[in-house]
Amino acid sequence: MNNTKNRGRIMIIGAGGVATVSTHKCVQIPEVFKEILVASRTLSKCEAIRKDIKQRYGRDIQIVQVDADNISELTALINKFQPDIVLNLALPYQDLHIMDACLETGVHYIDTANYEPLDEAHFEYSWQWAYQERFKKKGIMAVLGSGFDPGVTNVFTAYAQKNLFDEINYLDILDCNAGSHGHAFATNFNPEINIREVTQVVRHWEEGKWIETPAIIEEGSTHFSFDYPVAGAKESYLLYHEELESLVLNIKGLIRARFWMTFSENYLNHLRVLKNVGMTRIDEVDYEGHKIVPVKFLKALLPEPASLGTKYTGKTVIGNIITGKKNGETITRYIYNVCDHEEAFKETGTQAIAYTTGVPATIGAMLMLTGVWQGVGVYNIEQLNPDKFMEALNKYGLPWQVVEHTALPDKV
Ligand code: NDP
């Protein structure tokens with residue numbers, strides 16, 4: 001990205017938990033982010049962020065209502081505000097519309113989650129990779145997946161490839177939320193997106209092909225107890241996660257790549273019942289003359305993820321166990337971050353899931369704005385130099401460690 005004309009203007013789209021954290025972080029880095037606009041569908045949520053920022057830092061930000069699915073409205077807004085970068089923290093459904101508006105206006109783009117069509121619970125990068133030539137032609141940069149996972153987990157892998165290994169052969173990404181929010185059932189980020197993700201058939205990558213196994217709530221799902229640093233032993237479930245799709249292409253020498261996430265039996269039981277009674281359906285059903293989508297109705301009943309922070313205690317522990325070769329020897333390293341829900345809440349008014357996503361989103365935007373990351377076209381984050389990103393994680397609230405570890409077994 002050519003930053004010679006950069007005036008430090010960022011437009012953040014969305015006003016949920018992740019956008020709240022990113023706005024806080026941008027305000028905390030005034031030397032980079034000089035003008036901040038938060039644009040989202042519900043103005044009152046933007047207003048709440050603005051008020052909190054004013055109270056905590058005495059600084060004002062701009063806010064505006066926008067429907068990011070309306071490309072001409074969004075294009076007009078971008079033309080008016082003239083940002084140097086658009087940080088998409090709305091939902092995956094908006095990705096392509098926001099990329100279209102960036103193309104129209106010639107503004108750089110960054111997000112944290114890959115595109116998902118509304119009517120199909122399916123996510124993959126192909127739709128966004130299809131913008132490659134158009135972004136190149138326009139001379140602008142898109143960075144995909146700058147949250148924690150995807151995001152930091154990709155950067156951890158790129159860092160390991162660049163600095164710790166000659167060749168990476170086995171990758172296990174382990175995502176543990178050992179926190180407690182005090183609700184019987186709630187999701188840590190947008191409930192609709194979360195439920196669509198975790199009810200899918202599981203896939204992992206092995207010897208050049210994708211292996212399918214049952215969804216986490218089904219009989220025969222793959223799980224094991226992993227002893228996490230700080231959090232202790234937690235049941236961890238094999239899950240398909242979007243960063244696997246790009247990592248298997250960009251990390252050379254990979255034989256196997258898997259993703260694991262912790263779930264409590266209570267969470268899984270709620271999810272099983274919701275699925276069995278049809279509440280996780282994404283198609284329209286008739287209800288007393290109205291059309292409703294059950295999972296959207298469910299979202300309206302569940303706590304807002306951004307509101308969970310008030311009672312959240314405990315920690316998240318997310319990281320990668322990587323086995324590969326160094327100087328002819330086989331070695332294994334575990335790179336991870338521990339984040340505390342209560343500390344995240346004290347700093348930003350949101351819980352650690354939003355915090356661990358919003359901080360890397362801001363760091364990615366910062367590296368683009370300052371010209372550390374330059375390029376034209378569409379990039380997955382592991383394709384960019386990881387070193388400054390890793391430094392910034394330590395500086396801006398997500399410190400990480402690398403330790404020796406035993407390799408995870410083939411069969412758990
Ligand atoms: P929320 O549901 O809390 O926030 C989403 C925001 O986007 C809401 O303010 C919503 O508006 C707004 N929005 C939705 N549709 C539109 C639209 N058409 N136009 C304008 N604004 C719109 O979600 P989160 O903050 O929890 O998550 C944000 C993103 O981060 C998601 O894409 C999620 O998948 C991703 N994520 C990524 C992670 C990672 O590690 N990579 C982890 C966690 C989340 P309204 O208030 O009106 O609903």
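This is a short tour of a predicted model, to be followed selection by selection in the viewer.

Begin by colouring the two parts that the domain assignment gives for the chain, namely domain 1 (9-147 + 355-393) and domain 2 (152-348 + 398-404). Their centres, taken over C-alpha atoms, are separated by 22 Å, and across the boundary 25 residues of domain 1 are in contact with 30 residues of domain 2. On the side of domain 1 that touches domain 2, select helix 1, helix 13 and helix 14 (387-395), which are the elements that give two or more residues to it. The residues of that side divide into 14 nonpolar, nine polar and two charged.

Next, show the ligand, which lies between domain 1 and domain 2 because both give residues to the shell around it. There are 35 residues around the ligand, and those that come nearest are Gly14, Gly16, Ala68, Gly147 and Phe189. Coloured by class, the shell has 19 nonpolar, eleven polar and five charged residues.

Finally, turn to the open sheet of seven strands, whose order is 3-2-1-4-5-6-17 and whose pairing is parallel. Strand 3 (62-65) and strand 17 (377-380) stand at its edges, and each has a single partner strand, so one side of each is left without a neighbour in the sheet. On average, neighbouring strands of this sheet are turned by 20° against each other, direction ignored. For a detail, select strand 1 (residues 9-13) and strand 2 (residues 35-40), which pair in the parallel sense over five bridges; isoleucine 12 stands opposite valine 38 in strand 2.

Methods: Residues numbered from 1 in each chain as written. Predicted model: local features only at pLDDT ≥ 70, side-chain atom pairs only at ≥ 80, totals over all residues. Near = placed C-beta within 6 Å. Nonpolar A, V, L, I, M, F, W, Y, C, P; charged D, E, K, R; others polar. Domains from an automatic or database assignment. Pairing = 2+ DSSP bridges. Helix = DSSP H or I, 4+ residues; strand = E, 2+ residues; numbered from the N terminus. Axes fitted to C-alpha atoms, helices over the stretch in contact; angles between N-to-C directions. Contact = placed C-beta atoms within 7 Å.
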